[in-house]
Amino acid sequence: MGNILNEIGIENYIFLSVLLFCIGVFGVLYRRNAIIVFMSIEIMLNAVNLLFVAFSTYHQDAEGQVFVFFSMAVAAAEVAVGLAILVSVFRNLGSIDIDNLKNLKG
Amino acid sequence: MEMNLAILLLLSPFVGFLFNVFFGKKVSKGFSGTIGTLTVVVSFLLSVCFFAQLNQNGKAFEFSLFDWIQVGNFKLNFGILLDQLSILWLLFVTGIGSLIHLYSISYMHDDENMHKFFAYLNLFVFFMITLVVGSNLLVMFIGWEGVGLCSYLLIGFWYKNQDYNDAAKKAFIMNRVGDLGLLIGIFILAINLDTINFTDLNAGVVALNKTGGNQALQWAALCLFIGATGKSAQIPLYTWLPDAMAGPTPVSALIHAATMVTAGIFMVTRMNFLFDLTPNVQHVIAIIGTITALVAAAIGLLQNDIKKVLAYSTVSQLGLMFLALGLGAYNVAVFHVITHAFFKACLFLGSGSVIHGLHGEQDMRKMGGLRKAMPITFWTMMISTLAIAGIFPFAGFWSKDEILMTAFHENKTLWIVASIASIMTAFYMFRLMYLTFFREFRGTEEQKNHLHESPSLITIPLVILAVLATIGGAINLPGSTWLNHYLEPILAGKHEEHHLGSTEYMLMGIALVGAIIGIVLAYSKYIKQAFVPKTDNEIVGFSKTIYNKFYVDELYTATIVKPINALSNFFRTTLEPALSKVVFSFGSVAYGLSSQGRKLQNGNIGLYLFVFVIGICAIITYLFIAQ
């Protein structure tokens, strides 16, 4: 198998990754719906994963890809916890607007 | 075997203490008292065994219970040393202790806290044994502190009376002052010699003296002597002892006359090799002892409380013992300690019997004529009074005469002062006897109808002690000096025999005549002129100064207690608020800052995320620029 980077240059992967990350950041900053915020975080995470894989191929080193498997596993666990919290918040407050979470302040 | 017996000797009174603490309340009063007495008797019997053994083979017996402290070169065992000196002390501590325990069974029978009394008394005997048998200064110090504690507990035994509590505190605090001196003395020795074992100290002290360490030795000796002034009630720390008479009378007899107050003399005798090398300190000891003897005897002349008279007489006698110590005549001091223990214990127990018979009356102005009602008490006290006054052939004559004789040979001034003190002793002791036992009764009618001789548990110890006060001098008669030979291993070759020449007979004669003069003076004043001491506010002039104990207590109050109170008041009202203001101001600064910072944490998650992102951007930018 030829190196895929010969067909599409590494810089394109970096641009895509940065773009995805920025979308994630702005999603976190502008949206008030907790689920959307959550999804934005996932986008940021996957942007990083993408970068990992790209550089892994670039350096012909499998370590980066292995790391991605770990980070996906952790992300899955984190999502499970995070969604459970959101369900619990929705049951208590009747909404998942993060502004409502102000009440948690002591 | 010997080791086990020695441990049993030490722990037996402690077992009595534990029993009386935990079960004393559940058993009958008589039983609790009997246990307390028996445990001390066991110690006494064991002491007699050790004494007999020592007399046979003459070998001191030393062993270590466990290793205690080990710091660098400094090693310390929790060791026990049974030699001539400690066994001698054991004999009369446990012997007189047993008699006084026996006496207390009857004397304290009406007290609701009798088991507590016996618990304290047993604990005292335990600590006293520790003090005596310790093989190094620190074990001795444990006992030293322990007896101080028991003394405090027993003086304040009737704790519902605030005056008694104050007396207990006074005794405890004044002893602390002395104990600090003792502790510093121990430290000086430990630093300079790396050991505080009595057996090693001897050689160490001599070696240090040769290599020019005399300065350190002098300080050590002086500090040890300060410790002794506290425990043995010498100037300037003597004022606690007369107040200590607030305790029950058996306590006064055991702790504040016969045993504990002789601890200072024991310690100085134990360390005799140190004091021999420091003649300056010896001089101080002799002078302080003599002045104490004189001052205390003078105060004793005009006291009206029967126990106070005996207390000042104790201070005065202890002063004479220190005079002997200061002159290097340790064996003479020890001799007087023993005879004094016999007759003073007897006198105190006798006064207790009188107080018992009068239901708590201690003022001699309200006594009189008790001779017929209490014949045994009278006769035993009379014998002891003759002994303390120094009348031939009672025990006190021999020991006091030895002290005066030594003083005569060493320093004429001290001899004259000490002789005056003994004439005073004869006077005030007979004043006590005349006021208490002669002429007619001066108390109330009701007391008169209830006058009775005390029960046999009280009179038996009195009789035994009176017998000892009569024949006790036999242990060291001039010519057959058993005690001097016995103590030779401790005081290696230091005692000098006084050959009985004409000077010695003359001195004995002078002492005897002096005592008789004192007695005759007392007789003419209190029997012939039928004088009864006036009430407190009728006393004027110099006698008022004496009656008020030379205002020493007032002096101490003015010069030490008041300034300390003022200082602590200053600290409380000025310094403490100032300090707490500083501390509080730190707190209020932090509070003010946080009241602003708290506004940032407003719970708005959107804001948090925003700040979070800004922060990360800032960090990345910084790292970027930094490269």
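Predicted model: local features only at pLDDT ≥ 70, side-chain atom pairs only at ≥ 80, totals over all residues.

Reader: Understood. How many residues has the largest nonpolar core, and which have the most contacts inside it?

Author: The largest nonpolar core has 193 residues. B:Leu323, B:Ala345 and B:Ala469 have the most contacts inside it.

Reader: What does B:Ala345 touch, leaving out residues up to four places away in sequence?

Author: On that count, B:Ala345 touches B:Ile96, B:Ile100, B:Ala253, B:Ala257, B:Ala258 and B:Leu465.

Reader: At what angle do helices α3 and α15 of chain B pack?

Author: Helix α3 (residues 84-107) and helix α15 (residues 330-357) of chain B pack at about 5°, and their axes are 11 Å apart. Angles under 35 degrees count as roughly parallel, so α3(B) is roughly parallel to α15(B).

Reader: Why is helix α11 of chain B described as largely enclosed?

Author: Because 8 of the 8 residues of α11 (residues 263-270) of chain B are buried, this helix is largely enclosed by the rest of the structure. The buried residues of α11(B) include B:Ile265, B:Phe266, B:Met267 and B:Val268, and also B:Thr269 and B:Arg270.

Reader: And chain B as a whole: how many helices and strands has it?

Author: Chain B has 26 helices and 2 strands. Of its 627 residues, 49% count as buried. Its C-alpha trace spans about 115 × 65 × 55 Å along the principal axes. Among contacts in chain B with a separation of 6 or more, 80% join residues 24 or more positions apart.

Reader: Which domains does the assignment give for chain B?

Author: The assignment gives domain 1 (278-473 + 480-536) and domain 2 (574-626). The C-alpha centres of domain 1 and domain 2 of chain B lie 80 Å apart.

Reader: Lastly, what are the confidence scores? What pLDDT does chain B average, and what ipTM and pTM does the model score?

Author: Chain B averages a pLDDT of 89, and 98% of the residues score at least 70. The model scores ipTM 0.78 and pTM 0.79.

Technical notes. Residues numbered from 1 in each chain as written. Chains lettered and ligands numbered in written order. Core = buried A, V, L, I, M, F, W, Y, C linked by C-beta atoms within 7 Å. Buried ≥ 20, exposed ≤ 12 C-beta atoms within 10 Å, placed from the backbone. Contact = placed C-beta atoms within 7 Å. pLDDT = per-residue confidence, 0-100. Helix = DSSP H or I, 4+ residues; strand = E, 2+ residues; numbered from the N terminus. Domains from an automatic or database assignment. Axes fitted to C-alpha atoms, helices over the stretch in contact; angles between N-to-C directions. Parallel < 35°, antiparallel > 145°, perpendicular 65-115°, else oblique.
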